[in-house]
Amino acid sequence: MIAFVRGEIAAVTLTSAIVEVGGVGLELMCTPGTLATLRVGARATLPTSMVVREDSLTVFGFLDEDEKQIFELVQTASGVGPKVAQAMVAVLSPDDLRAAVAGEDVKTLTRVPGIGQKGAQRIILELKDRIGAPTGARLAGQPAAQVATWRDQVHQGLVGLGWSTKEAEQAVDAVAPDAGASPDVPTLLRAALRALSKA
């Protein structure tokens, strides 16, 4: 298994980063929060998790080891595959996820695309004794918390203006590369509205 990848960032797309390692470009599937911290030409070290399927090998990259461990743990719950697990770490920080499971907070878990009420209840039931308590390792204001916040605010703003949830999600994904380390919500909302008006 590939535990981590270290190298120069060759490219950053909406959903992945390509890291050059020994002359080979490895594509890592990453959350918007992780992608926002990467710059083309800069060197980076990303913890990784490799998912092997009959027809594919996919490598997922993470901001830190804690995010990777949560990604791998939530996949042990019934019905949670890598895509839903990645959505979970994109929407909720590891501590937010621990708090939601420990507090049986179905509403917070259903904010994750692909998780309904029954799925959230199953995740709580299966992970409650294994996920642990919040560690306080990443406090509000650090990258993942900021990214989740701006994504939520832009998404809610677009839905409030009458766009569908799906359209709002696509627009948020479209402006994610512009978020940077300190996202400006009003600017990102205007950019998302421009993206929707062109579509």
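Modeller: Buried means under 20% relative accessible area, exposed over 50%, and partly exposed in between, with a 1.4 Å probe and protein chains only. This is a predicted model, where local features need pLDDT of at least 70, side-chain atom pairs count only at pLDDT 80 or more, and totals for chains, interfaces and linings use all residues. Residues are numbered from 1 along each chain as its sequence is written, and side-chain values use heavy atoms, with hydrogens and water left out.

Biologist: How many residues of helix 3 are buried?

Modeller: Helices (H or I, at least four residues) and strands (E, at least two) are DSSP runs, numbered from the N terminus. An α-helix has 3.6 residues a turn, so residues three or four places apart point the same way. Helix 3 spans residues 82-91, and nine of its 10 residues are buried. Among them are P82, V84 and M88.

Biologist: Which residues lie nearest the centre of the largest pocket?

Modeller: Rolling a probe the size of a water molecule over the atoms shows where empty space is left. A pocket is an open set of points on a 1 Å grid over the protein atoms alone, where a 1.4 Å probe fits, with protein on both sides within 12 Å along at least five of seven lines; lining residues have an atom within 4 Å of a point. Here 21 residues line the largest pocket, and A87, V91, P113, R151 and D173 lie nearest its centre. Helix 3 gives the largest share of the lining, six residues.

Biologist: Which strand forms a hairpin with strand 4?

Modeller: Two strands pair if DSSP finds at least two bridges between them. Strand 5 forms that hairpin, with two residues between the strands. Their pairing is antiparallel, over six bridges.
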